[in-house]
Amino acid sequence: MTNNISEKIKRLALTLLGFVCLLLGAIFILLPGPAVFFIPLGLALLSLEFDWAKIWLKKSQRYFRRAAIKADQALHWLNRKLRS
């Protein structure tokens, strides 16, 4: 019985922490802050309990990967322009 209650408390705490991180990430989209850190963290915590969070986590990972590649290409292009 005690394990069942502690397991429920743990699941509730992880779910609440996931939603808090996701909310902070959404706020940091509008304000300066590390939204890129908090949104995937919140989705990762929520994906432990919810299938919809797994789907959005995979989508955000693809988005951030593509954004990183584009940023890397832009920096590479900028470095070539500055050197010539």
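Leu23 counts as exposed because its relative accessibility is 53%, where exposed means over 50% relative accessible area, buried means under 20% and partly exposed lies in between (1.4 Å probe, protein chains only). The model is predicted, so local features need pLDDT of at least 70 and side-chain atom pairs count only at pLDDT 80 or more, whereas totals for chains, interfaces and linings use all residues. Residues are numbered from 1 along each chain as its sequence is written, and side-chain values use heavy atoms, with hydrogens and water left out.

**View 1. Leu23 and a nonpolar surface patch.** Leu23 is found in helix α1, helices here being DSSP runs of H or I with at least four residues, numbered from the N terminus. Together with Val20, Leu24, Ile27, Ile29, Leu30 and Leu31, Leu23 forms a nonpolar patch on the surface, whose accessible area is about 680 Å². Such a patch is made of residues with over 30% relative accessible area and no salt bridge, with nonpolar side chains (Val, Leu, Ile, Met, Phe, Trp, Tyr) joined within 5 Å and like charges within 9 Å. A salt bridge is a side-chain nitrogen of Lys or Arg within 4 Å of a carboxyl oxygen of Asp or Glu, and accessible areas come from the Shrake-Rupley method with a 1.4 Å probe.

**View 2. Thr15 in helix α1.** Thr15 has its place in helix α1, which covers residues 2-30, and counts as buried because its relative accessibility is 14%. When neighbours within four places in sequence are left aside, Thr15 is in contact (heavy atoms within 4.5 Å) with Leu46, Glu49 and Phe50.

**View 3. Helix α2.** The twelve residues of helix α2, 35-46, reach 16 Å from the first C-alpha to the last, close to the 16 Å expected at 1.5 Å a residue; the expected span is 1.5 Å times one less than the number of residues. Among the buried residues of α2 are Phe38, Leu43 and Leu46.

**View 4. Aromatic pairs.** Rings of Phe, Tyr and Trp (its six-membered ring) pair if their centres lie within 6.5 Å, and planes under 30 degrees apart count as stacked, over 60 as edge-to-face and the rest as tilted. By this rule the count comes to six aromatic pairs. Phe19 and Phe50 form a tilted pair, 6.3 Å centre to centre with 55° between the planes, and this pair links Phe19 in helix α1 with Phe50 in the loop between α2 and α3, 31 residues apart. Phe28 and Phe38 also form a tilted pair, at 5.7 Å and 40°.

How values were computed:
Helix = DSSP H or I, 4+ residues; strand = E, 2+ residues; numbered from the N terminus.
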